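This briefing is meant for a reader who is new to the structure shown below. Please look through the sequence and the model first, and then follow the notes on strands, rings and charges.

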Amino acid sequence: MTGNHRNSGITRRRAIAVTGGTVAAGGLAVTGYQSAFADTTDTTEATATASATSTGACMTLMSSVTEGPYYLDGALVRKDITEGKSGVPLALRLTVVDAIDGCTPVKGAAVEIWHCDAWGYYSGYTTANPGGSAPAESEDGSTANDNTYLRGYQIANANGVVKFETIFPGWYIPRTCHIHVKVHTGGEKEDGTYEGGTVNYTGQLFFDDTIAGEIFALEPYSRHSGSYTTLDDDMVYDGGGASSSLLTVKAVHKADPSKGYKGSLSLAIDPDAENTGAGSGGGGTPPSGAPSGEPPSGAPSESASPSASASS
């Protein structure tokens, strides 16, 4: 396990919503997503939605899984959730569709994501040991806020599409590489976060093992050593491909994975359903002494929906 994990203190950082920026921690800089993906051409929203509705994944109602032990209420509504955290850039595009009504877009759905940093640490839980051997989270050198980094909401447009700018997540024992996701409807943006409404879906997004292996060989990921859990051995992923939330991931530059990736998936949900966040799969055991879903001191005070609070 990690040696030298010290309590860095959740008030150590003050920058709540730092976006872009260059961070040299671990030797890999995140220099902003406009430049990272400048040589790629995005399709139109309508074309992307039409393509999504023609896939088998869209026609399959997504199965909810556990929200895991690291959920916090009060995430901020923002596109760029990195706050300067270093890692391989990931442009994430998710399309929310109604699986009960012919995969029509769910306009106005609030998509919430959260995931660990390159060394396996979650905001709000920065002293929780990710297993293996990794530097302390406080050694990353970024200006990220310890309560809010790599967490955020986006509101779906008329085509059900949301976009996030983040980094490829690292890993922690005993889980494979993943991103947590919730879809909310019926609420509204207020005071920088999302209030009210209902949680319709709780899931986790997964990555191909080959791609993950290439990234984990790079700095700063390579500074976290240990036994990485593959998809086949993960306690949550059930092997169903896109219908089990395996992302479609494409490299910006095939010869250089450090330049970043684009990940996409259609989330086929029932917008009339209410989800508790319990789901299937264990999600990992909460670290000893870690919070159980309540925002730590200094985190945004606005809570999400009543149903989200109940599920934490």
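Rings of Phe, Tyr and Trp (its six-membered ring) are taken as a pair if their centres lie within 6.5 Å, with planes under 30 degrees apart counted as stacked, over 60 as edge-to-face and the rest as tilted. The model is a predicted one, in which local features need pLDDT of at least 70 and side-chain atom pairs count only at pLDDT 80 or more, while totals for chains, interfaces and linings use all residues. Residues are numbered from 1 along each chain as its sequence is written, and side-chain values use heavy atoms, with hydrogens and water left out.

**Aromatic rings**
- Across the whole structure, a search finds 13 aromatic pairs.
- Phe 168 and Phe 216 form an edge-to-face pair, because their ring centres are 6.2 Å apart and their planes stand at 80°.
- Phe 168 is buried, with a relative accessible area of 0%, where buried means under 20%, exposed over 50% and partly exposed in between (1.4 Å probe, protein chains only).
- Phe 216 also counts as buried, at 12% relative accessibility.
- One aromatic cluster includes Phe 168, Phe 216 and Trp 171.

**Strand 11**
- Strand 11 (residues 261-269) has 7 of its 9 residues buried; strands (E, at least two residues) are DSSP runs, numbered from the N terminus.
- Strand 1 (residues 89-98) runs parallel to strand 11 and is joined to strand 11 by 9 bridges, and two strands pair if DSSP finds at least two bridges between them.

**Charge over a ring**
- The charged end of Lys 182 sits over the ring of Tyr 71, 3.8 Å from its centre, the criterion being NZ of Lys or CZ of Arg within 6 Å of the ring centre and within 35 degrees of the ring normal.

How values were computed. Helices (H or I, at least four residues) and strands (E, at least two) are DSSP runs, numbered from the N terminus.
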